[in-house]
Amino acid sequence: MTELSTATALTEAIALAERSFPPDDRPEDYRLIQAELQLGSQVWRLTFKRARLLPDSAEDPIGAGGELFFTVDLAGRSATYTGGE
């Protein structure tokens with residue numbers, strides 16, 4: 001695999017994760033809230049949160065729970081759902 005820019009790699013990681021959502025969860029109902037690239041690798045840890053739990057303004061509280069966690073290995077072209085809250 002050729003080396004990707006960070007933006008391209010993240011976009012690819014998101015797409016792989018979205019194809020790996022649990023059957024009862026739809027990617028369009030969630031928003032990416034955290035992305036971490038593991039140093040020295042092509043492994044991303046992504047967190048998605050149910051969009052309806054995100055506030056419209058910074059003054060409003062964020063709803064509890066509703067996260068889905070994924071580990072995405074771009075070298076292996078795989079995404080693993082690692083749990084949720």
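Which residue of β3 stands opposite Phe-48? In this predicted model, residues are numbered from 1 along each chain as its sequence is written, local features need pLDDT of at least 70, side-chain atom pairs count only at pLDDT 80 or more, and totals for chains, interfaces and linings use all residues. Side-chain values use heavy atoms, with hydrogens and water left out. The residue opposite Phe-48 is Leu-68 in β3.

That pair belongs to a wider arrangement. Four strands form an open sheet in the order β1-β2-β3-β4, with antiparallel pairing. At the edges stand β1 (30–37) and β4 (78–84), each of which pairs on one side only. On average, neighbouring strands of this sheet are turned by 25 degrees against each other, direction ignored. Strands (E, at least two residues) and helices (H or I, at least four) are DSSP runs, numbered from the N terminus, and two strands pair if DSSP finds at least two bridges between them. Axes are lines fitted to C-alpha atoms, for helices over the stretch in contact, and angles run from 0 to 180 degrees between N-to-C directions.

Seven bridges join β1 and strand β2 (residues 43–50) in the antiparallel sense. Ala-35 stands opposite Leu-46 in β2, and Gln-34 has Thr-47 in β2 as its bridge partner. The two strands β1 and β2 form a hairpin with five residues between them, and Gly-40 in the turn has a positive phi of about 75 degrees. Strands β2 and β3 also pair in the antiparallel sense, over seven bridges.

Helix α1 (residues 6–18) packs on the sheet, where it touches β1, β2, β3 (67–73) and β4. The direction of α1 makes about 60 degrees with that of β2. Contact here means heavy atoms within 4.5 Å.

The aromatic residues come next. The structure holds five aromatic pairs; rings of Phe, Tyr and Trp (its six-membered ring) pair if their centres lie within 6.5 Å, and planes under 30 degrees apart count as stacked, over 60 as edge-to-face and the rest as tilted. Phe-21 and Phe-70 form a stacked pair, at 5.2 Å centre to centre and 25 degrees between the planes. Because Phe-21 lies in the loop between α1 and β1 and Phe-70 in strand β3, this pair ties together parts that are 49 residues apart in sequence. The rings of Phe-48 and Phe-70 have their centres 5.7 Å apart and their planes at 90 degrees, so that pair is edge-to-face. Phe-48 and Phe-70 are both buried, where buried means under 20% relative accessible area, exposed over 50%, and partly exposed in between (1.4 Å probe, protein chains only). Ring pairs link Phe-21, Tyr-30, Phe-48, Phe-70 and Tyr-81 into a cluster.

Lys-49 lies in strand β2 and is buried, with a relative accessible area of 2%. The side chains of Lys-49 and Glu-67 are joined by a polar contact of 2.8 Å, a term for a pair of N or O atoms within 3.5 Å; within protein, one must be able to donate a hydrogen and the other to accept it, and residues adjacent in sequence count only if both atoms are side-chain atoms. A polar atom of the Lys-49 side chain also lies 2.8 Å from the backbone oxygen of Gly-63.

Finally, Arg-77 is placed in the loop between β3 and β4. Most residues other than glycine have a negative phi. The phi of Arg-77 is near 50 degrees, a positive value in a residue other than glycine. Arg-77 is partly exposed, with a relative accessible area of 45%.
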